Amino acid sequence: MHQILEALHHKLIVSCQAMPDDPLENTDALRRISLAVASAGADGLRLNGASLIHLVRKDTSIPIIGIEKRYEKGALRITPTFQDAAALAEAGADIIALDCTDQIHPFGEPWRQIIKRIHTELGVLVMADIATLEEGIAAAEAGADFIGPTLNGYTEATKSSECFDWKLLRDLQQKTGRPVIAEGRINTPEDAKRAIEEGAWSVVVGSAITRPGIITRHFINVVNTAQKEDAAHYAIGVDIGGTTIKAAVVSHDGTTLTPVRLATEAHLGREGIAKNLTSAISQALEQANAAGLPIKGIGIATAGAVDHRDGSIFAATDNLPGWTGFSLRAFAEDCFHLPCFVINDAHAAVLSEQHFGFGDGLTDFVAITIGTGIGGGIVSNGKLLLGQHGFAGTIGHSVIQVDGRPCNCGRAGCLEAYVSTAGLIREYTRLSGFMPKDTIDDAAIALQINQLACRGDKPAQEAYKVLSLYLSDAIANLFNILDPQVVLLSGGLIESYPQFITDVESQVQQRLHFGAGRRPQVRAASAGKNAGVQGAATLVFESDRS
Ligand SMILES: [Zn+2]
């Protein structure tokens, strides 16, 4: 008897049982499960029924706790008679477990009497399955060799208890003076370890190892909650530009649904712009509501430098008059009672590139957008750099020509003064000797030059060549400062003329120290027209994750 006690000290016992309606409630199935856990290293088994124990005993010598579950008069009782205990011992059980609770047992014999007879007539150990401390003390006094809080949570007195009662485990050890076997709702390896650390003699794990039906239901419940979280993953993304405000419902994978476009009416100033902003967001929210898409928050991209700490506009140009100093995040949260986030529009485009475009999977890259000006952003070590006032990544105002052309920032020789729509038009006019006509604005003229270059027009191609030299200087500087994996270029000026990017890449390589070995990559970005809207929405999803 002493050997059995020692063999189970600080060891795992596996209970192999099935409910009456379970397909595994079959002696051969349970025999195979028992042998599988035994061959995996279980140090003991808890098995129901003499016939099962008889079969398992033929193939393993590890200690077996035997029980006989009897259902009578609508009630369950574990090993209700001495006859049952005798059959279990005869089959090969080393320990007989029986119900020693205070509840009125509608059938069977008094448990004190059974314990006594097991010891004197069968010579095997007894485990008392109890639910409360008082029952444990009583069972110890009656001679039980092990105490197990197996029935805690399953009797009338303890039915409110929903998980393993650690205090009961400690109290039983202190007050009964018997080895306590932790059993009942030990569902994880961590719980089993804790039971031993808290002083249990052994620990019994059942359902979590041997009942695939219960394990499957647990997996399904967890998977279902994931699907619900997924379904709720929508945000409103907004992009405020000088002429247009775009808003859309954005799903967590970047899909934009139900886009709304309104005129910014920037000439109306802060109040007018804010009014158009709220109606764009309201329309997007209404559409989300109609489609049954729950919205987690609002991400707003805007021209101007954004103070990321409070979502206010630190500085904006005359494209958005009155915008400087506006507490945009507070305003939007007051209107919509949803979490709101504000970001510079170029930064938002970089976030879109990082999450849904070419930058997906990259940790270090610079994105540059070329249009009327130059927008940019730097992702370093997986994080978009914002800077103290929101100016990080203002690549357009890096000087590439000392005492060069004047720039609207007040300096001379900025990249933006050379590489932009106006810059392209200027170079083309200089090289071709004439100016394209019948056009609406600079963007339309630049588009014509772009088409000429694609068709092989020499002056147009030369104009691009000049711009590529300027841009290469700026990008070589970036590679020297940041050593990124890649620089991504975007903008209508270059999207349909891939030769430009090829030229920039080879010129950057020539300008870099150890350039041949470094092979700096310059590529076309892949984020599309809705990059600002998508990127702003990622702020909502990211905040959700943190
Ligand atoms: Zn400048």
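For the class counts below, Ala, Val, Leu, Ile, Met, Phe, Trp, Tyr, Cys and Pro count as nonpolar, Asp, Glu, Lys and Arg as charged, and the others, Gly among them, as polar. The model is predicted.

**Exercise 1. The largest cavity**

Task: State which residues line the largest cavity and how they divide by class.

Solution.
1. The count of cavities of 30 Å³ or more comes to one.
2. About 50 Å³ of space lies in the largest cavity.
3. Its lining consists of Pro149, Thr150, Asn152, Cys163, Phe164, Asp165, Leu168, Glu183, Gly184 and Arg185.
4. Sorting these residues by class gives four nonpolar, three polar and three charged.

**Exercise 2. The second largest pocket**

Task: Describe the volume of the second largest pocket, its lining and the elements that supply the lining.

Solution.
1. The space in the second largest pocket is about 980 Å³.
2. There are 37 lining residues, and Tyr154, Gly184, Arg185, Ser207 and Arg211 lie nearest the centre of the pocket.
3. At least two lining residues each come from strand 4 (69–72), strand 5 (75–78), strand 10 (202–205), helix 9 (207–210) and helix 10 (212–231).
4. The class count for this lining is 18 nonpolar, twelve polar and seven charged residues.
5. Gly184 and Arg185 are among the residues nearest the centre of this pocket, and both also line the largest cavity.

**Exercise 3. The zinc site**

Task: Identify the donors of the zinc ion, assign the geometry of the site and classify the accessibility of His397 and Cys414.

Solution.
1. Four atoms coordinate the zinc ion at 2.0 to 2.3 Å: ND1 of His397 and the SG atoms of Cys407, Cys409 and Cys414.
2. Four donors count as tetrahedral if all angles lie between 85 and 135 degrees. The angles among the four donor atoms here are 98 to 126°, and the site is tetrahedral.
3. For reference, the ideal angle for four tetrahedral donors is 109.5 degrees.
4. Along the sequence, the donor residues follow the spacing H-x9-C-x1-C-x4-C.
5. His397 and Cys414 are 17 residues apart, and each is in the loop between strand 20 (383–384) and helix 14 (421–432).
6. Buried means under 20% relative accessible area, and exposed means over 50%. His397 has 23% relative accessibility and so counts as partly exposed. Cys414 has 0% and therefore counts as buried.

**Exercise 4. Strand 21 in its sheet**

Task: Give the strand order of the open sheet, then work out the pairing of strand 21 with strand 22 and strand 18, and its burial.

Solution.
1. The sheet has five strands in the order 20-19-18-21-22, with mixed pairing.
2. Strand 20 and strand 22 (522–524) are the edge strands, each pairing on one side only.
3. Strand 21 (residues 486–490) is parallel to strand 22, with three bridges between them. Within this pair, Leu488 stands opposite Arg523.
4. Strand 18 (residues 365–370) is also paired with strand 21 in the parallel sense, over five bridges. Here Leu489 is the bridge partner of Ile368.
5. Strand 21 is largely enclosed by the rest of the structure, because five of its five residues are buried.
6. By face, the buried residues are Val486, Leu488 and Ser490 on one side, and Val487 and Leu489 on the other.

**Exercise 5. Ala140**

Task: Is Ala140 buried or exposed, and what separates it from Ala75?

Solution.
1. Ala140 belongs to helix 6 (residues 133–141).
2. Its relative accessible area is 6%, so Ala140 is buried.
3. Ala75 is 65 residues from Ala140 along the chain, and their C-alpha atoms are separated by 25 Å.

Technical notes
Residues numbered from 1 in each chain as written. Predicted model: local features only at pLDDT ≥ 70, side-chain atom pairs only at ≥ 80, totals over all residues. Heavy atoms only, no water. Donors = N, O, S within 2.8 Å, 3.2 Å for Na, K, Ca; no water. Tetrahedral: all angles 85-135°; square planar, octahedral: opposite > 155°, others 65-115°. Helix = DSSP H or I, 4+ residues; strand = E, 2+ residues; numbered from the N terminus. Buried < 20%, exposed > 50% of the residue type's maximum accessible area, 1.4 Å probe, protein only. 1 Å grid on protein atoms, 1.4 Å probe; cavity = no way out; pocket = protein on both sides within 12 Å on 5 of 7 lines; lining within 4 Å. Points joined across faces, edges and corners; volume = space filled by probe spheres on them. Pairing = 2+ DSSP bridges.
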